Amino acid sequence: MKIGIIYYSQTGNTKTVAGKLLKTLEGAGHQVNIEEITIEGKIPAQPGKFEIVNAPEVDNYDALVFGAPVQAFSLNPVMKKYMQSLPKMEGKKIALFVTKQIPVLWLGGTGAISFMKKECELRGARVVGSKIVVWAGSRREQSIKEALANLSKLFPS
Ligand SMILES: Cc1cc2nc3c(=O)[nH]c(=O)nc-3n(C[C@H](O)[C@H](O)[C@H](O)COP(=O)(O)O)c2cc1C
């Protein structure tokens with residue numbers, strides 16, 4: 001299966017998880033590309049104050065994983081804008097993840113995943129799973145490990 005991992009990362013955490021997931025999925029025998037959404041503008045990105053300069057295309061993939069950080073108790077505005085610009089994704093299998101600091105999932109994490117899920121489903125895609133990775137303190141490594149296990153299970157070899 002040809003899988004695209006498409007992410008936005010401001011400080012590198014989401015990028016780290018995306019990179020580990022690339023290796024895990026490749027290890028399971030998939031053909032995987034990793035692509036970063038990049039912007040020009042003020043950091044942290046605020047709605048209306050940045051332009052997306054690299055918006056990865058989704059057409060070439062059978063399946064996609066989208067990853068992004070939670071910011072201000074919501075999905076980061078870059079991923080919001082990117083997802084709202086996506087074309088139809090009829091029949092594509094999708095997995096989602098977000099990274100966040102605060103170890104309370106409903107403080108932004110579940111809402112961010114719901115936003116991404118809705119945008120994918122509006123375009124005819126099938127969201128098969130998601131994971132919230134908590135970055136804070138001692139939970140980080142376990143949270144990353146669980147995310148890699150759960151997300152890769154969604155794409156059997
Ligand atoms: C501007 C800003 C706002 C943030 N807001 C939240 C938040 O509301 N809840 C939370 O859990 N973490 C929040 N964080 C922490 C990030 O979600 C967390 O560090 C994430 O892993 C960063 O991912 P990145 O390194 O890929 O950008 C915020 C970080 C920044 C820079």
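**Ground rules.** I'm working from a predicted model, where local features need pLDDT of at least 70, side-chain atom pairs count only at pLDDT 80 or more, and totals for chains, interfaces and linings use all residues. Residue numbers start from 1 along each chain as its sequence is written.

**Overall fold.** I looked up the secondary structure and got four helices and eight strands in the protein chain. Helices here are DSSP runs of H or I with at least four residues, strands are runs of E with at least two, and both are numbered from the N terminus. From that end, I read the order as β-α-β-β-β-β-β-α-β-α-β-α. I also checked burial: 41% of the 157 residues are buried, meaning 20 or more other C-beta atoms, placed from the backbone, lie within 10 Å of a residue's own.

**Helix α1.** I listed its buried residues as Thr14, Val17, Ala18, Leu21 and Leu25. They cover an arc of only 100° around the axis, so they sit on the same side of α1; the arc uses directions from the helix axis to the C-beta atoms. Just after α1, I noted Gly29 with a positive phi of about 95°.

**Ligand shell.** Which residues come nearest to the ligand? I found Ser9, Asn13, Thr14, Pro69 and Lys100, out of 20 around it; a residue counts as near if its C-beta atom, placed from the backbone, lies within 6 Å. I then checked which elements contribute: α1 (13–27), β5 (63–71) and β7 (93–100) each supply at least two shell residues.

How values were computed. A residue is buried if 20 or more other C-beta atoms lie within 10 Å of its own, exposed if 12 or fewer, and partly exposed in between; C-beta atoms are placed from the backbone.
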